[in-house]
Amino acid sequence: MKKAESRRKRAAKRGKNMRKLNLILLGAPGAGKGTQAELISERYGIPAISTGAIIREEIAAGSELGLTVKACMERGELAPDEVVIGIIKSRLARPDCERGFILDGFPRTVPQAEALDQMGVEITDVVSIEVDDEAIARRMSGRRVCKKCGATYHTVYNPSPKGETCVCGEPLTRRADDDPDVVKSRLAVYHEQTEPLKAFYKEKGLLKIIFGQEKLEDTTALMRGALESGDVTGKDR
Ligand SMILES: [Zn+2]
């Protein structure tokens, strides 16, 4: 309790001393964007905004937005740009984004990045986490989940003590998303549609590249270096 409080205070202080951080995280599915987004959010006290998570919440809540997106997904399509952009726009308008934010999973295409520009959203940093396709396929094919208690495992990095069975006794399964063929096609979509964003932001002088490491803490250290090296001015830019 006390520990959490002092951590929050430290994060708030760090946030105050840190320049404004309006960050976009890029990286293939499975590169570890979500985990890094959470760690950065905790460290600097700014919200991590995952469009995927917002969409899943809306679908679960059965909202009009959720139903629209669900219908698209059932047709095997991506959510239309205007819907996703609308979600981002209203989320960025909330007061907790005043000192900065982390976008995870948006923009996914160059037109979405242009829409962000048109909304007048200023981006200060773009970090791409690079992991080669084979390593991602290896990571994702080893992921296991328990449908009963929600526990997650990895056959190599975080195995269940009971092998292919959860500690609760339920046989472990692989998420449909982690199926090797699905992973392959998601990577292809990333390379084709999302990777061009690197050139888009490089041209604006915003792009930094880090190489995702086997160990989480090593990737975290590289991320910290990318965000804090050189230009921690203590002022908003
Ligand atoms: Zn279980």
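Two strands pair if DSSP finds at least two bridges between them. Strands (E, at least two residues) and helices (H or I, at least four) are DSSP runs, numbered from the N terminus.

The structure described here is a predicted model, in which local features need pLDDT of at least 70, side-chain atom pairs count only at pLDDT 80 or more, and totals for chains, interfaces and linings use all residues. Residues are numbered from 1 along each chain as its sequence is written.

**Overall composition**

The secondary structure of the protein consists of ten helices and seven strands. Of its 237 residues, 26% are buried; a residue is buried if 20 or more other C-beta atoms, placed from the backbone, lie within 10 Å of its own.

Strand E3 spans residues 100-104, and five of its five residues are buried. In a regular strand the side chains alternate between the two faces of the sheet. Both faces of E3 are covered, with Gly100, Ile102 and Asp104 on one side and Phe101 and Leu103 on the other. The table lists two pairings of E3.

| Partner of E3 | Sense | Bridges |
|---|---|---|
| E1 | parallel | five bridges |
| E2 (residues 48-50) | parallel | three bridges |

Within E3, Ile102 is the bridge partner of Leu23, and Leu103 is the bridge partner of Ile49.

Most residues other than glycine have a negative phi, and most peptide bonds are trans. The peptide bond from Phe106 to Pro107, however, is cis, with omega near -5°.

**The nonpolar core**

A nonpolar core is a set of buried Ala, Val, Leu, Ile, Met, Phe, Trp, Tyr and Cys residues joined through C-beta atoms within 7 Å. The largest such core has 38 residues, of which Leu23, Leu25, Ile102, Leu103 and Val127 touch the most other members. Strand E1 (residues 21-27) supplies the largest share of this core, five residues. Two residues are in contact if their C-beta atoms lie within 7 Å. Leaving aside residues up to four places away in sequence, Leu23 touches Ile102, Leu103, Thr124, Asp125 and Val127.

**Packing of two helices**

Helix H7 (residues 133-141) packs against helix H8 (residues 180-194) at an angle of about 145°, with the axes 10 Å apart; axes are lines fitted to C-alpha atoms over the stretch in contact, and angles run from 0 to 180 degrees between N-to-C directions. On the H7 side, the contact is made by Asp133, Ile136, Ala137, Met140 and Ser141, and on the H8 side by Pro180, Val183 and Leu187.

Terms used
Buried ≥ 20, exposed ≤ 12 C-beta atoms within 10 Å, placed from the backbone.
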